[in-house]
Structures are given as structure tokens and as C-alpha cells.
Amino acid sequence: MSNRIIIAIDGTSSTGKSTLAKRISKKLNYIYIDSGAMYRALTFYAIKKKYISTSHFDKFKLINDIPNISIDFRNNPENNNFEVHLNGVPYEINIRSLEVSNLVSEIATIDELRKQMVNVQHFLGNSKGVIMDGRDIGTVVFPNAELKFFLEATTELRAKRRFDELFLVDRNITYDQVLDNIKLRDNQDTNRKHSPLKKANDAILINTDNLTLDELELQLFSYINPLILKNL
Ligand code: CDP
């Protein structure tokens, strides 16, 4: 029996999901898939095509354009990470902007787009040995994942973490802008009709407020190791 499993990590923004998933994937030699990057890449595309802005959203133009949009992941040999590509082009930096963050949860409400993304996610999960983070991985994408985590932390702490990250690349950004964005997305992600953010019944709840990344990693491995050994 293969000892490679699927690990799903869901939770709200800036709870450390992607940092932990990346660290764990390197230690296990698993593929790490950042499913949020897919919705961010779609948003970047919709902004470029002028389908969406802060004042309008032409949902149907975007839906009609779906056949022309291809999202996949390719290895970046410089850091050995799987990075999102939109129509063959890497946009890892562009998709992290506040402009994209402010519109992404609106884009993520569209069921037609979500279905396409889930197809890609299923394809990537086929080979097992995958760790994927997002909002609906344990509930919708891989409801049978061998291991599911749900990460949470207070809103203010999450905003502080994300602000510290973004301020390094954009000195004009303010803490309040980041806090507003996190509150907006929490609300949209939790209350949308399709695949809302919620903890799967069988997910392990981890509060990240008072723990360092090293401590969190240890905690996650305390669940991962026995499962991997059991599947040997
Ligand atoms: O990095 P952060 O946790 O702030 O967000 P992300 O993982 O990059 O996801 C950006 C947005 O994409 C989320 O706020 C959701 O609106 C959407 N998303 C989703 O709907 N389903 C997923 N599986 C992943 C992200």
C-alpha cells in the first residue's frame, strides 16, 4: 500500500496555511498546491480583461471566456515550488496585490469557475502525495482526504501578519487596508452559496494565535507521522 496521502489545509486568510503547507511538502517530498493562487490568477485575468473592477462586475463575459482560460501549476526550478500559471505565464507576484485581494472573493463565488478549478485540483491530487490549502479542500475538493486541518486565528493577528508581509513589497500599504480586506473576504468566503468556507466535520482544528511556525509544524506532524507510518 502506498504511504502517500492527501493532506487538506483550510481556514481563513493569513492563518499560516500556505507557509506550513510549503514547509511540510518539502519535508515529505509532496507536491504543494496553493488553490487560492488559482482564484487569484482568475481575478488577475478578469481585471486585465476589464470584466471586474471596484465599481462593476460583468460576470457573464467572464463565464463566456472560461474556454480561453487555462490555469495550471509548473515547477519553478529556482525554489522548487509548484507555481500557478495563467495561459502558460507565471504571475506569482502580480496575484498577491491588494487590488486582486479585494476582488478575488467575488470571483470565487462563481460556480462555473469553481467547477473548472476543482477539475484541475482533482487531476493534481490523483497521484497522492499532495498537500493542498484553501477554503473548501476538506469539504468539497477532497472530502475523502486522509488528513484535514482547519486553521484559525484572531482577525487582528491575521491582519498584522499579512500587513508585515505586504509592507515589505509595498510601502504605501496600511494596516487598516489589510484589516478591511481580511474582514471583507472572511465575510464573502463564509457566506457564499457554493463551497463556503467551513470546517469539515472530520478536520482537526488548530488555533495558531500563540504558536510559532516551528511549533505549528511540530503539531501538524504529530498527526501526519502516525498516518504515514500506518499506511506503509
Ligand atoms: O493567502 P490568503 O489565505 O489570504 O488567500 P488565498 O488562499 O490566496 O485565497 C484567496 C481567495 O480565493 C480567498 O479569500 C477565497 O475567496 C478564494 N478561495 C476559494 O474560494 N477557494 C479556495 N479553495 C481557495 C481560495
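Helices (H or I, at least four residues) and strands (E, at least two) are DSSP runs, numbered from the N terminus. This is a predicted model, in which local features need pLDDT of at least 70, side-chain atom pairs count only at pLDDT 80 or more, and totals for chains, interfaces and linings use all residues. Residues are numbered from 1 along each chain as its sequence is written, and side-chain values use heavy atoms, with hydrogens and water left out.

Start with the shell around the ligand. Three helices, α2 (35-48), α4 (98-107) and α8 (175-191), each give at least two residues to this shell. The largest share, four residues, comes from α2. Of the 19 residues around the ligand (a heavy atom within 4 Å), those that come nearest are Ser13, Arg40, Arg114, Asp136 and Asp189. By type, the shell holds four nonpolar, six polar and nine charged residues; here Asp, Glu, Lys and Arg count as charged, Ala, Val, Leu, Ile, Met, Phe, Trp, Tyr, Cys and Pro as nonpolar, and the others, Gly among them, as polar.

Now look at individual contacts. Ser35 places a polar side-chain atom 2.9 Å from a nitrogen atom of the ligand, while Arg192 has one 2.8 Å from an oxygen atom of the ligand. Taken alone the ligand exposes 530 Å², and the protein buries 97% of that (Shrake-Rupley method, 1.4 Å probe).

Finally, turn to the sheet. Its three strands form an open sheet in the order β3-β4-β5, with antiparallel pairing; two strands pair if DSSP finds at least two bridges between them. At the edges lie β3 (71-76) and β5 (89-90), each pairing on one side only. Strand β4 (residues 81-86) is joined to β5 by two bridges, and Leu86 has Val89 in β5 as its bridge partner.

Methods. Polar contact = N/O pair within 3.5 Å; in protein donor to acceptor, adjacent residues only side chain to side chain.
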